[in-house]
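User: I'd like to go through this model and ask what stands behind the labels. Can you show it first?

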Amino acid sequence: AAARGAARGALGVALARSHAKFRGDVKYAFGDVVGALVAIVSLCEFHMWFYASRPLMNVFALAATLRGCGAWIRSTRSRERTDVREAVIYITVATFLLRCDVVLLLAPMGLHMLASGLISAPRAVGLGSVVALLTIATSTLVDSWFWGRLVWPEGAVLYFNTALNKSSEWGTSPWHWYFSSALPKSLLCAYPLALMSVFIERRARPIMFAALFYVGMYSFLPHKELRFIFPTLPLFNVAAATTLSRVWNNRRKRPLVAVIAAGLLFTSLALVCVFTAASSVNYPGGVAFHRLHHDANVAPRPGSVHVDVPAAMTGVSRFGEAASASSGWSYSKTEGLSVSAFADHGFDYLLNAHEHVPGYEVAFVADGYAGLAVDVKSAPSVLRVKTKPEIYVHRRASLEH
């Protein structure tokens, strides 16, 4: 647990440092006000910081793309080859090492750098090819050793998601989901402000083009998740900050507009508080898994455990398993088993969403998120998070207590 906490802390610090560097580059290109407003807008959002320390490849890639995008934005003013080179290297490494979908960011950024004369075509092809080949070679060498077979992970992911189009096996969403649901929830007030920037701030247009191109192209894949579009969130925030900068600079001429903008920020901050409260009860599977391993009243001795899909989707992971192979614990995530089949497989414990399972007794129930309720009697905190029984820990009835 201590090692896991240290690893997550290190990742969170790395992302925060990358974001600080990104804000510094924005400040250089757009000025002090926009740089400060990027920080304010980012703090009025929930999801990026909620995921900041999670060991997901999307988060590792975000730390790299923040530095690459920052260097790209900085180069629009500096025109320095070092900034352009840094942008190309970071985004290329992120694409071929961490998340192949970052190529959707590399394409519009590359087009902008070519069109604006920041880099020549021969240099772009040469630098990009060298970095890509070195990255692929390193990834293949290291990951093949870990996997025990020849593999380039991001190539395999790209083939699975695009050529085979099998990502839909994990669920599908309508084509507009990113624009109509994911972006509004993650960006909050920054979303409409970013869209407005296209009409009022010329310098924000390349940034919005890159962000919208990325999200638009990703919308063609039927399987959609918020974490897939993480690289675009900081870009939307920069665009939103340019709109707020105009509002700030004209606050004496248009005080009402300034008040409305401030109200939007405070509303977003209030929603962050609501999201935080809701997320605290959003992982009943993880709560149940922890109790299984640390409460003798729930599990008097180690045994075989079956984890179903709802439990696995709400917090059960390999990180919560017993570290020692000789601990006596074993785990199964076999899907498609009927309720009556669990006892036939001899599982000692079950984590699932079934209230009753033949041959088992309920040892613990973990509650999950069930909505919000308005409770004026609990002012100033008038919103209350409602919960309901979500994940059950079943113990085999014949197991000795």
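This is a predicted model: local features need pLDDT of at least 70, side-chain atom pairs count only at pLDDT 80 or more; totals for chains, interfaces and linings use all residues.

User: Why is S139 called buried?

Analyst: Buried means under 20% relative accessible area, with exposed over 50% and partly exposed in between (1.4 Å probe, protein chains only). S139 comes out at 1% relative accessibility, so it counts as buried. Residues are numbered from 1 along each chain as its sequence is written, and side-chain values use heavy atoms, with hydrogens and water left out.

User: Where does S139 sit, and what is it in contact with?

Analyst: S139 is in helix α7, residues 121–147; helices (H or I, at least four residues) and strands (E, at least two) are DSSP runs, numbered from the N terminus. Contact means heavy atoms within 4.5 Å. Leaving aside neighbours within four places in sequence, S139 has F96, L97, S144, V151, W152 and P153 as contacts.

User: What about F46, buried or exposed?

Analyst: Buried, because its relative accessible area is 10%. F46 belongs to the loop between α2 (32–43) and α3 (47–50). Not counting residues up to four places away in sequence, F46 touches V272, F275, T276 and S279. Its C-alpha atom is also 9.0 Å from that of L188, 142 residues apart along the chain.

User: What makes β1 and β3 a pair?

Analyst: Two strands pair if DSSP finds at least two bridges between them. β1 (residues 304–307) and β3 (residues 349–352) have 3 bridges, in the parallel sense, and V307 stands opposite L351 there. β1 and β2 also pair in the parallel sense, over 3 bridges, with S332 of β2 as the bridge partner of H306.

User: Which way do the residues of β1 point?

Analyst: S304 and H306 point one way, V305 and V307 the other, and all are buried. In a regular strand, side chains alternate between the two faces of the sheet.

User: In what order do the 5 strands run?

Analyst: The order is β2-β1-β3-β5-β4, an open sheet with mixed pairing. β2 (330–332) and β4 (360–374) stand at the edges with a single partner strand each, so one side of each has no neighbour in the sheet. On average, neighbouring strands are turned by 20 degrees against each other, direction ignored. Axes are lines fitted to C-alpha atoms, for helices over the stretch in contact, and angles run from 0 to 180 degrees between N-to-C directions.

User: Which helix lies across the strands?

Analyst: That's α14 (residues 284–294), which lies across β1, β2, β3, β4 and β5 (383–396) and runs at about 150 degrees to β4.

User: How many cavities of 30 Å³ or more are there, and what makes something a cavity?

Analyst: There are 2 of them. On a 1 Å grid over the protein atoms alone, a cavity is a set of points where a 1.4 Å probe fits but cannot get out, and lining residues have an atom within 4 Å of a point. Grid points are joined across faces, edges and corners, and a volume is the space filled by probe spheres set on the points. The largest cavity holds about 40 Å³, and its lining includes N58, R99, D101 and R227.

User: Which helix gives the most to that lining?

Analyst: α4 (residues 57–78), with 3 residues. The second largest cavity has a volume of about 30 Å³, and α4 supplies the largest share of its lining too, 4 residues.

Terms used:
On a 1 Å grid over the protein atoms alone, a cavity is a set of points where a 1.4 Å probe fits but cannot get out, and a pocket is an open set with protein on both sides within 12 Å along at least five of seven lines; lining residues have an atom within 4 Å of a point.
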